[in-house]
Amino acid sequence: MGETSVNFAKASTTALQDPQLRANFRRAMDGLMSKRAVQFADSKEWNAVRALGASVRLRALSKLPELLEKLEANCTRNGIQVHWASTTDEANAIVLSIMQRVNAKLVVKGKSMVSEEMHLNAFLEQHGIESLESDLGEYIVQLDEAMPSHIIMPAIHMNTKQIAHLFKQKIKEAEYTEDVAQLTDLARRVLRKKFATADVGISGVNMAVAETGTLCLVENEGNGRMSTTVPPVHIAVMGLEKVVEKLEDVPPVISLLTRSATAQPITTYVNMISSPRKEGEKDGPREIHLVILDNGRSSIYADEELRNTLRCIRCGACMNHCPVYTKVGGHAYEAPYPGPIGSILVPQMEGLAKRGELPHACTMCNACVEICPVKIPIVEIMGRLRAEAVHPGDSVKGAGSRASKAEAMVWKGWSMTYASPLAYRFATGLLAKLGNAAPTSLPLLKEWTNVRAKPRFASRTLHDLAREKGIPDV
Amino acid sequence: MSTDGTTVPFSGVPFSGVSFSGSRPDSVYYFGTCLVDLFYPEAGMAGIDLLKAQGLRVVFPQGQSCCGQPAYNSGYREEALKVARAQLDYFPGDWPIVVPSGSCAGMMKKHWPDLFKGEPDEARAKQVASRVWELTQFLVQVLNVKFEDQGPPVKITWHASCHAQREMGVVEEPKALLRQLANVELVELQRERECCGFGGTFSVRHPEISAAMVGDKVADIENTGAKAVVSGDCGCLMNISGALEGGKKPVRGVHIAQFLKERTHG
Ligand code: SF4
């Protein structure tokens, strides 16, 4: 038995056939890359802040169990109720039970990737609770009944015209307009009404500070602040890796996050949530709940190399700089986290049987590694997962599930030939003589020659030429 | 493994590789790489000639084959190790090892230490790895070459290999060499640092994405109006010139060693 594998090749091919989509991504990513470059133009400053950011995340991970306990204790002391969920099902059930207790019918949500991981909207809908995304991008995607295509800019796959059509079609009072200000205003009017009547607000967490029990949330639209302050109950969901040790760890990470994500020195809103409404206060939620989700993270944590995956601060910069993501867009990954980070995180969460192709959705160009603000060795982890997929073992879910006898034999044969000078000379001699006669219908050659001329074997190898020209060999 | 990711060079820092300590050597080893061996032996020879022209004795060990990268990147590390290990015997002296490919040089310099970790020959592998240089890096940083252009006026562009840039820290060296050539006009690509879509087995495992990537690269090259695209890595070159030829574009793909030799030796 085995889980069916999600077909990245097929989904990406479909995406490539959509010229509008390709143009949208190309333009958007080019813009994001050049704007980010301006933020980090001073390479000395970049190296310094990056080293600091990486060290904050590394230190947090090195004490993760201890910090999570501290976080729970300090949140509890502050009146924030902490819940632990080892699976997304458990997390959903926790959220639902809180909602049922307060008899919630309408939820407004700030942006949260963990809630995407949980498929929370669909789950709540099944239980008769309306869950409305309040981040503009997420709202657009929700109206379109689609998934986010980017972790920071969920609707980046659409251009203004497409959004204008969607609004006209889905929002009753909408007049057709391509004016961005008018479109934003329209969404704002719809959402404002909902904020006032929502029973519960849900948000993600960018960082949780262990020493103070503070939840930190950055955003630009004020919707995060509305979702976490207007409704009487606030539920925050976070992955267990999002904890940092001290309050002073927050500024460098925020600076790296916002500059890498949207090229802003800081976002319009930075929310530091430390307790529900206190006696005598006029606003704020009466209850705050923090749901801390594992969903495979503790097994990732158990492996010293793979643990680095958990340093991620979800800035999305690796997507913007990934030449594969830029071509196929976020939906092709069919996962909450696309692009380079998704290609290493999702297979570890969901297993290599189902997601083993994602680590191959990569040319190993290292563009992501170069800009990752917390220095995650993304490509090394990619390589590690490729190896795990074809070798049985127990450090990654589904290790060995993609082992193929034929493939293993090819590499074995290759290594025997290439490790023996005699065999190598014989094989390359043969290729030099006969290689060009290979028909383009052969597997591999067929894929190669789709858009390229056939590679031509030289009639004599460099070994031959060097010998003929008398180049010394010792 | 390093928890640090790759060495990250920044364009703007002129030459960010390791600086050569010690005096100029009188001999060097040459590691030709398997792609050069089969597909671009002329470029390989050109690299040897460029080094010889600087008065160096160039040693090409006949026992060499491949750095192991194809298997390593496909998840077959044991097989990669076997092939990498077979190379160690052939570079016993302490001369620098010059490689006409940023990708293979990166495999040796950066990944061999990880690949051999915990193996009995770890120290030896690291010692060999520490002597590895990418060709243009060696020409500029160690030999400080000055070329005299002998060719007719031509407009070219440069494709930077991902691994040369991001694993070897070689960004400005090749362009500095090309700029020494008086009659060569170097027009930079709009997206010089973007991958061409080769990625070894990626090109055949995800041929459609690879095609889209090399398509963007070809369009970028065409926009420069260059007559030739010069590159320092045969993987990229095979991909890009294959696509140029397949699309019947009148632009030639050429390895930097061969281009430099053509321009300076008539
Ligand atoms: S892996 Fe690095 S670049 Fe990608 S989202 Fe995470 S922090 Fe940002």
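Hi everyone, let's begin with the interface: chain B and chain A bury about 6,900 Å² between them, and carbon and sulfur atoms give 61% of that area. On the chain B side, the residues that lose the most area to chain A are B:Leu38, B:Gln62 and B:Tyr76, which together make up 11% of what that side buries. Please keep in mind that this is a predicted model.

How many residues does each chain bring to the contact? Chain B supplies 80 residues and chain A supplies 74.

Now for the polar side of the story. The salt-bridge rule finds 11 of them across the interface of chain B and chain A. If you count polar contacts between chain B and chain A instead, you get 28 residue pairs, with both partners at pLDDT 80 or more.

Which element gives the largest share of the chain B side that touches chain A? That is helix α11 of chain B, residues 207-224, with 9 residues. Sorted by class, the chain B side that touches chain A has 37 nonpolar, 24 polar and 19 charged residues.

Staying with chain B, a word on annotation. An unreviewed UniProt entry places the feature "domain: Cysteine-rich" at residues 28-109 and 156-240 of chain B. In the model, residues 28-109 of chain B are 54% helix and 11% strand, with the end C-alpha atoms 16 Å apart. For residues 156-240 of chain B, the figures are 48% helix and 13% strand, and the end C-alpha atoms are 14 Å apart.

Over to the ligand. The residues around it include A:Cys312, A:Cys315, A:Cys318 and A:Cys372, and also A:Arg314, A:Gly316 and A:Pro373. By class, that shell holds 10 nonpolar residues, 1 polar and 1 charged.

Finally, salt bridges over all chains: the structure holds 46. One of them joins A:Glu305 to A:Arg384, with the closest N and O atoms 2.9 Å apart. A:Glu305 is in the loop between α13 (297-302) and α14 (317-320) of chain A, while A:Arg384 is in helix α19 (residues 378-390) of chain A, so this pair ties together parts 79 residues apart in sequence.

Methods. Residues are numbered from 1 along each chain as its sequence is written. Chains are lettered from A and ligands numbered from 1 in the order in which they are written. This is a predicted model: local features need pLDDT of at least 70, side-chain atom pairs count only at pLDDT 80 or more; totals for chains, interfaces and linings use all residues. Side-chain values use heavy atoms; hydrogens and water are left out. Contact means heavy atoms within 4.5 Å. Buried area is the accessible area (1.4 Å probe) that two parts lose on being put together, summed over both. A salt bridge is a side-chain nitrogen of Lys or Arg within 4 Å of a carboxyl oxygen of Asp or Glu. A polar contact is a pair of N or O atoms within 3.5 Å; within protein, one must be able to donate a hydrogen and the other to accept it, and residues adjacent in sequence count only if both atoms are side-chain atoms. Helices (H or I, at least four residues) and strands (E, at least two) are DSSP runs, numbered from the N terminus. Ala, Val, Leu, Ile, Met, Phe, Trp, Tyr, Cys and Pro count as nonpolar, Asp, Glu, Lys and Arg as charged, and the others, Gly among them, as polar. A residue is near a molecule or strand if one of its heavy atoms lies within 4 Å of it. UniProt positions are given in the numbering used here, feature names are shortened, and annotations may be inferred rather than shown by experiment.
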